[in-house]
Protein chains: 2
Amino acid sequence: MSKKKTYHHGDLKNALIKAGVEILAKDGVSGLSLRKVALKAGVSHSAPYAHFEDKQALIAAISTEGFRQLYERIDMAAKKYKTEPSRQLVEAAWAYVQFAMDDTDRFKVMFSAVLEKEKEYPQFVAESQRNFQLVKMIVEANQAAGVLRSGSSDLAALSAWGIVHGFVMLLLEGQIPHFILERTNLRELLEFQLDQITLK
Amino acid sequence: MSKKKTYHHGDLKNALIKAGVEILAKDGVSGLSLRKVALKAGVSHSAPYAHFEDKQALIAAISTEGFRQLYERIDMAAKKYKTEPSRQLVEAAWAYVQFAMDDTDRFKVMFSAVLEKEKEYPQFVAESQRNFQLVKMIVEANQAAGVLRSGSSDLAALSAWGIVHGFVMLLLEGQIPHFILERTNLRELLEFQLDQITLK
DNA sequence: TCTATAATCTTGACAGTGTCAAGATTCAAA
DNA sequence: TTTGAATCTTGACACTGTCAAGATTATAGA
């Protein structure tokens, strides 16, 4: 891990992604600039263009990395409770919520901005599909256990993801009425959400 | 409606909001600049500062106006089907989806960016609370009709909003797998989502 | 009506931004 | 060892949000 000051950085691409993640956490979405990222990586302001076509491409890479970590978190929770589908569902969702709370700005970036150019970033698409597959597996286990309604697991997975994602989004954007948050803690709120789609 | 070219604009504040909405629709979120808005309103680049503290304040105003229109749309649908709670729920949700599809960028702005400074824009808060109350009323009608689970209507309203909002967000961000979209149309997808929380 | 104060708008400037072109430096293959 | 490709720097450009100073107009008090 010795950083010699050579002309060629050696692993600039990853260093830029890492610097971007850090700046995102410290200065938020609006504070994320290519120049700051370059500076933090110890490189001149237009060095990033050797590795990323434009700012969007860097953001896509940061998002892709975010999906990779999100997958890890959900997968860990899912594996821990793989013998109890119902609990598994709640814990996986809870991992999702916690990821969003821990890394709010990155979470926001992952679900915004890039989007329409989606197709231009195949890695991003692949990684988010991988997440969907994971959700689908958890949902299928719950369908088999009679916890969730049977039927198309694709659509059921979409529902489950949607209800959790919607909850998180409203939470992050401050759209959940304050009196609700004061009265009920997050974990309970999440469980209440999931109860709505759960066959008791 | 005759626009004399006086030094004082007369109604610049509203003109700026309107120009902002138009630019948002044409150039997207990243194309929305204060200077472009000012130019479109036929005024110098720093005239907006007489009416808005900064860019965030303009965005807050645009969002507030957006919530006002969203309310109108949902309310119209709700009134039309007020004798059939179940149908009312679907149509209100459908109005929500359509608003997001018709005015994607504004919808995104409404649910992003501003947020943490929420408290600094009381009109914005008031308008979004008004929307929540509307959702709550619809949900209560559905609870009374046995369409939705009984229990805290606040939390039930949050669930309903969350599931629809999550669906829309995933849709807008291109996070819904393509094969699903190709196979099932939007209206059906939405109804499937709502079926998940509906007592058949 | 006249006047002073406030509101509104313009002009000019500043630092920061994304991006590109030209050139310097280094790596890697022939 | 040479040469072309990859990487990085330097310098420039137009555009951005924001502020300060001044011009213009509205408004309220005498």
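Me: How do you know through which surface the copies meet?
Reply: Of the interface residues of chain B, 100% are also interface residues in chain A, so the copies meet through the same surface. Contact here requires that the C-beta atoms of two residues, placed from the backbone, lie within 7 Å. This is a predicted model, in which local features need pLDDT of at least 70 and side-chain atom pairs count only at pLDDT 80 or more, while totals for chains, interfaces and linings use all residues. Residues are numbered from 1 along each chain as its sequence is written, with chains lettered from A and ligands numbered from 1 in the order in which they are written.

Me: How many residues does the contact take from each chain, and which helix gives the most to the side of chain B that touches chain A?
Reply: Chain B and chain A contribute 32 residues each. On the chain B side, H6 (122–144), H7 (153–172) and H9 (186–197) each supply at least two residues, and H7(B) gives the most, with 13 residues. A helix is a DSSP run of H or I with at least four residues, numbered from the N terminus.

Me: What makes the relation of chain B to chain A that of a two-fold axis?
Reply: When copies are superposed by least squares on the C-alpha atoms of residues with pLDDT of at least 70 in both, chain B can be laid on chain A with an RMSD of 0.0 Å by a turn of 180 degrees and a shift of 0.0 Å along the axis. That is therefore the relation of a two-fold axis. The C-alpha of chain B nearest the axis belongs to Gly166(B), 1.7 Å from it.
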